[in-house]
Amino acid sequence: MNSRLAKYKDYTATDFFSDEDFAQAMFQNEAAQQDFWQELGNHYPNLAAEMEVARTWILLIKAQKPVQSSLNSHQRWTNIQNQIPVYERKQGQKSIIRTMLRWAASAAALLLFGILSYEISQFGTKASNTAFGEQRELALPDSSIIKLNSNSRISYVRSWKTDKPREVWFEGEGMFEVKHTAIKNRLRENDLFVVHVGKLSLTVLGTKFNVKERRGRIEVALFEGSVRVQGQNGEDRVLAPGEMFIYDENLKTNEIVYNDANKVLSWTRGELSIEHSNLANIVSVLEDNYGYQVVVEDPALLNKRFTGVIPVKKIDDILFVIKHTMNVNIEVKNKQIVIKPN
C-alpha cells in the first residue's frame, strides 16, 4: 500500500483543512495534484465526504477579499500589549498541563515496568512447599492437580513449552491427578508428564498416582492410567493400576507389590492407616511430617506393632493413640518427643 495514502486513512475534515499539501492543492487546483486526492477518495471511500467539507472551507476562504484594518499603528501596538498578559496566563496553564502530563507519563512508565517485570518472572521456576503438619492442593499450569502432604515440595518451569514434556521436580509425598492432553491417535512430546523424584523419573499421560519419598525410599502407587518408572541405576518398569513400585536407594533394590488405595491415600483424609506396622514407622511419620525429634529410650519399643487407623490432623491425636495402644509413657518438650516404657 502507498505509504502516503495510508497517512490519511484516519483523517477528518479538520485534519484535511489543516494539511498544507491538501490546502495548497485546493487553492491551486492543478490537475496533477488533484489526481492524488481523487485516488485517496477511491481507496478510502469514507474520506471523500471529509475532503469535500474541508475543500468547501478552503474555497470559502479563497473567495474572501482581503480586509483592510481601520486601526493605525499605535492602536495595533496597544492591542498587542493588552494581549500579552492573556498570552502569559495561557502559557502558564500550558506549563501546568505539561508538568501533569510528565507525571502521568512517569506513572505509566512505572506501571509498565511492573507489568513487564511480572511477565518476565513468569518464565522462571515456581516452587511450592508445605510446612510440617500442613497439607495443600495445587493446580499446575496444565490444570493437573497435586495434593501435597506435609513437609513436601514441588517445583517446575512456569512456562511449559509446547514441544517438550511437562516436567516437575518433587520431594516428600503427594497425590497426582495428571490431566490427559493427548488427542486420539496422536501423541506429542508435550502430552507426556514427567515427575523427577530422587533418582527416578516417572513418565505418565492422564494418570492418578501417589508418590512418597522419605529417607532414601521411594514408593509409587498407581491407581489409574500407567506409569513408566526409570532410574539412574537402570530401572525401567511400567506399572499397571493397583501396583506399587518400591525403590530403596540405600540398598539399591526395587520391587513391585500390590497397593491398597484406601491405605495409601489415608493421609489425604487426615488419617494414617497402618497394618502390623511397628513403632519405628510411626516415629518416622512424627519426624518427617511434623518436624519433631523423637527419642525412644528403650530400643525394644521400636518393634511394638500396631494395626488400625490413627488420626493425623493433630499431633496430640497421634500421641494419644500411641500411648494407649502400645502402653508407653510420652513426654513432649518443645519439638522433642520422648517415649518411655510404662
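**Strands, sheet and helices**

Guide: β17 and strand β18 (residues 336-341) run antiparallel, joined by six bridges. This is a predicted model: local features need pLDDT of at least 70, side-chain atom pairs count only at pLDDT 80 or more, and totals for chains, interfaces and linings use all residues. Residues are numbered from 1 along each chain as its sequence is written, and side-chain values use heavy atoms, without hydrogens and water.

Visitor: Why are β17 and β18 called paired?

Guide: Pairing requires that DSSP finds at least two bridges between two strands. Six join β17 to β18, so they pair. K333 has its bridge partner in β18, Q336. Strands here are DSSP runs of E, at least two residues; helices are runs of H or I, at least four; both are numbered from the N terminus.

Visitor: What makes β15 and β17 edge strands?

Guide: The open sheet has three strands, in the order β15-β18-β17, with mixed pairing. β15 (293-296) and β17 (328-333) each pair on one side only. Neighbouring strands are turned by 20° on average, direction ignored.

Visitor: Which strands does helix α8 touch?

Guide: Helix α8 (residues 279-290) touches β15 and β18. Contact means heavy atoms within 4.5 Å. The direction of α8 makes about 155° with that of β15. Axes are lines fitted to C-alpha atoms, for helices over the stretch in contact; angles run from 0 to 180 degrees between N-to-C directions. Helix α9 (residues 315-325) packs on the sheet too, touching β17 and β18.

Visitor: How many residues lie between β10 and β11 in their hairpin?

Guide: Four, and G234 in the turn has a positive phi of about 95°.
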